[in-house]
Amino acid sequence: MGRIIAIANQKGGVGKTTTAINLAASLAAADMRTLLVDLDPQSNASSGLGIRKGTYPRSTYHVLVHGIPLDSILHSTEMDALFVAPASRELVGATMELSQEEDRHQRLERALEPVSSKFDFIIIDCPPSLDILTVNALIAARSLLIPIQCEYFALEGVSELMETVGQIRRLRNPNLEIEGVLLTMFDERTNLSNQVMQDLRTFFGDKVFSTIVPRNIRLGEAPSHGRPILLYDIKSKGAEAYIRLAKEIIHGTEKSAGAGS
Ligand SMILES: Nc1ncnc2c1ncn2[C@@H]1O[C@H](COP(=O)(O)OP(=O)(O)O)[C@@H](O)[C@H]1O
Ligand SMILES: [Mg+2]
């Protein structure tokens, strides 16, 4: 069974997609068969791995709304062990279209069942909201990875996210774990970044990954070349950080229970 990790935070621009792409690629580089499931209508995780908008007829929208098999939409990538289930703009309408369906929250869980044994890791990139798409991801997942940008109000919305996690545990997925909290766009020269790091350690305890992703221009550039940072600039600080994060996740460094567990 593949380890299913949802990457979520309802704030936009915190590094979810960058983390989904580069964690997935770093896991694949470590010979882990990895599937990246793109659930964001913006499809940035898909395009960031070279799957260009408008070049594929079916996406995660068709899987969730029309029930087509997930393995019928998979794309291979430049990396042998990495596959992508791409998103599309049509996902914007999925919440409305599914609103009357009783099983609307379990669609992704069902779709992953027949494919999960083919992968070591399944990484789900969520949209910046706590809508039906993110709920589907949290129900399908074994754990949640929360990227948090080192900026003012970094913790804003986090308690709402943890409340959602609590609800999902009560309703449907009692074993949903916090995989970890990842600091992104960290700038060690600023007091602010260091302050945010301390606040997060107070709030989440050992759930904060020891890997911290620095602000790194190369990470911002790579998606426009349709490549993960590993294939764009392996020597960059950004590549180094995501390779370390993958190791931390593969080896499952012991983290004690933090907030919300
Ligand atoms: N560590 C980083 N250093 C520099 N730029 C980054 C970093 N992480 C993300 N970015 C850039 O910040 C923007 C938002 O990141 P993204 O991963 O798309 O966030 P989200 O998916 O949470 O909306 C993107 O332009 C991305 O390239
Ligand atoms: Mg995103």
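Which side chain makes a polar contact with the side chain of S46? It's the side chain of D38, at 2.6 Å. A polar contact here is a pair of N or O atoms within 3.5 Å; within protein, one must be able to donate a hydrogen and the other to accept it, and residues adjacent in sequence count only if both atoms are side-chain atoms.

Before going on, some ground rules. This is a predicted model, where local features need pLDDT of at least 70 and side-chain atom pairs count only at pLDDT 80 or more, while totals for chains, interfaces and linings use all residues. Residues are numbered from 1 along each chain as its sequence is written, chains are lettered from A and ligands numbered from 1 in the order in which they are written, and side-chain values use heavy atoms, with hydrogens and water left out.

Back to S46, which you'll find in helix α2, residues 44-48. Helices (H or I, at least four residues) and strands (E, at least two) are DSSP runs, numbered from the N terminus. S46 counts as buried because its relative accessible area is 0%. The cut-offs are these: buried means under 20% relative accessible area, exposed over 50%, and partly exposed in between (1.4 Å probe, protein chains only). Leaving out residues up to four places away in sequence, S46 touches D38, I51, Y56, V84, P86 and A87; contact means heavy atoms within 4.5 Å.

Look at its backbone: phi is positive, about 60°, although S43 is not a glycine. Most residues other than glycine have a negative phi. D31 also has a positive phi, near 70°, and it sits in the loop between α1 and β2 (34-38). But is D31 buried or exposed? D31 counts as exposed, because its relative accessibility is 67%.

Now try two threonines in loops. T77 lies between β3 (75-76) and β4 (82-85), and it is buried because its relative accessibility is 17%. Its side chain reaches the backbone oxygen of M79 at 3.0 Å, and a polar atom of that side chain lies 2.9 Å from the backbone oxygen of L82. T77 also touches L82, F83 and V84, again not counting residues up to four places away in sequence. T55, in the loop between α2 and α3 (60-66), is partly exposed because its relative accessibility is 49%. A polar atom of the T55 side chain is 2.6 Å from the backbone oxygen of R52.

Finally, where does ligand 1 sit? Ligand 1 is in the largest pocket. On a 1 Å grid over the protein atoms alone, a pocket is an open set of points with protein on both sides within 12 Å along at least five of seven lines, and a molecule sits in one if more than half of its atoms lie within 2 Å of its grid points. Around ligand 1 there are 14 residues, and the closest are G13, K16, T17, T18 and N216; a residue is near if one of its heavy atoms lies within 4 Å. Helix α1 (16-29) and helix α9 (217-221) each supply at least two residues of this shell, with α1 giving the most, 3 residues. A backbone N or O atom of G13 lies 2.7 Å from an oxygen atom of ligand 1, while an N or O atom in the side chain of T18 is 2.6 Å from a ligand 1 oxygen.

Conventions: On a 1 Å grid over the protein atoms alone, a cavity is a set of points where a 1.4 Å probe fits but cannot get out, and a pocket is an open set with protein on both sides within 12 Å along at least five of seven lines; lining residues have an atom within 4 Å of a point.
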